[in-house]
Amino acid sequence: MDSLRKPLLIVAAILLVLAVIAELGSAFYIAADGAEADSYTDLPTPGLGIRYLAILDALVLFTLGIITAPLLLPARIVGRIQGVISFVVALLVLLGAIMMIIVAINLLILMISLFMAVPFGTAVYFAKFAEFNTGQAAATLAVIMSLKLAFAGFLVAAHPRFVQNKGLVLIVLSSFIATIIISFLHSMVPRMLASITDDIGAIVVAILAAIWALIYLIGSIPAVIKALRVDRALP
């Protein structure tokens with residue numbers, strides 16, 4: 001990849017980092033009333049969906065780092081540590097995604113239970129979850145999607161051969177699809193039910209992240225075994 005345009009690659013990485021920051025920071029600037037959440041049962045809008053995108057996009061960023069590492073480090077070093085790092089990161093992401101799925105499912109059960117428990121539970125649901133700020137959430141998702149599209153554009157401009165990496169292309173497409181799913185679920189129901197569909201979207205995103213983490217985990221095992229054998233063979 002001698003023709004790699006490193007400045008464009010750096011710009012692409014920065015754009016993706018900004019997207020992740022926007023996703024993680026969404027709870028702080030999209031709250032309907034500006035209040036912080038005391039617990040996951042008292043979440044400020046827009047709920048979990050946008051923030052859960054961060055774990056999937058973090059995997060995209062990690063994938064880009066793994067692919068470009070040989071450009072920055074000696075191949076011998078990369079070959080020995082790449083598998084181990086991939087295994088550790090994939091395991092942590094998998095465990096994190098599982099915990100996120102459990103949290104989202106618990107919240108979903110809570111919201112549905114409250115909504116169906118007429119009249120008092122329904123009143124509590126409306127008090128805590130009905131004021132979902134779909135407008136600001138849509139604006140945030142538009143910014144995030146713009147950053148991701150710009151990231152993809154700069155990545156291809158940095159070197160067209162990135163498109164030939166099927167793993168990178170598929171996980172980037174997964175990120176795009178996850179963002180679209182969250183946006184669609186916000187808009188498909190009345191505002192008072194958006195918290196429920198947002199939580200469903202969060203579960204879908206976390207499952208996607210878990211699947212990718214599991215793929216990375218399984219794929220890194222041969223490299224870890226090889227690295228251990230090499231270490232044992234050294235005097």
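These notebook entries record what I looked up in the structure above.

**Basis.** I worked on a predicted model, in which local features need pLDDT of at least 70, side-chain atom pairs count only at pLDDT 80 or more, and totals for chains, interfaces and linings use all residues. Residues are numbered from 1 along each chain as its sequence is written, and side-chain values use heavy atoms, with hydrogens and water left out.

**Entry 1: salt bridges.** I searched the whole structure for salt bridges and found three. The criterion was a side-chain nitrogen of Lys or Arg within 4 Å of a carboxyl oxygen of Asp or Glu.

I noted E23 with K148, whose closest N and O atoms are 3.4 Å apart. E23 lies in helix 1 (residues 6–24) and K148 in helix 6 (residues 134–158), so this pair ties together parts that are 125 residues apart in sequence. I took helices as DSSP runs (H or I, at least four residues), numbered from the N terminus; strands would be E runs of at least two. E23 and K148 are each buried; for this I used under 20% relative accessible area, with exposed meaning over 50% and partly exposed in between (1.4 Å probe, protein chains only).

I then noted D57 with K148, the closest N and O atoms being 2.9 Å apart. D57 belongs to helix 3 (residues 49–72) and K148 to helix 6, so the pair ties together parts 91 residues apart in sequence. D57 is buried, as is K148.

I also recorded R191 with E131, with 3.4 Å between the closest N and O atoms. This pair links distant parts of the chain, 60 residues apart: R191 sits in the loop between helix 7 (166–187) and helix 8 (194–233), and E131 in the loop between helix 5 (120–128) and helix 6. R191 is partly exposed, with a relative accessible area of 40%. Through shared partners, salt bridges join E23, D57 and K148 into one network.

**Entry 2: helix 6.** I checked the helix that carries K148. Helix 6 has 25 residues and reaches 36 Å from its first C-alpha to its last, close to the 36 Å expected at 1.5 Å a residue; the expected span is 1.5 Å times one less than the number of residues. Its buried residues include I144, M145, L147, K148 and F151.

**Entry 3: a cis peptide bond.** I found a cis peptide bond joining V118 and P119, with omega about 0°. P119 is in the loop between helix 4 (75–116) and helix 5.

**Entry 4: aromatic pairs.** My search of the whole structure gave six aromatic pairs. Rings of Phe, Tyr and Trp (its six-membered ring) pair if their centres lie within 6.5 Å; planes under 30 degrees apart count as stacked, over 60 as edge-to-face and the rest as tilted.

F115 is in helix 4 and Y125 in helix 5, so the pair ties together parts 10 residues apart in sequence. F115 is partly exposed at 25% relative accessibility, whereas Y125 is buried at 0%. I noted one aromatic cluster formed by F115, Y125, F126 and F129.

W212 and Y216 have ring centres 6.1 Å apart and planes at 90°, so this pair is edge-to-face. They are four residues apart in helix 8, about one helical turn. W212 is buried at 11% relative accessible area, and Y216 is buried at 16% relative accessibility.
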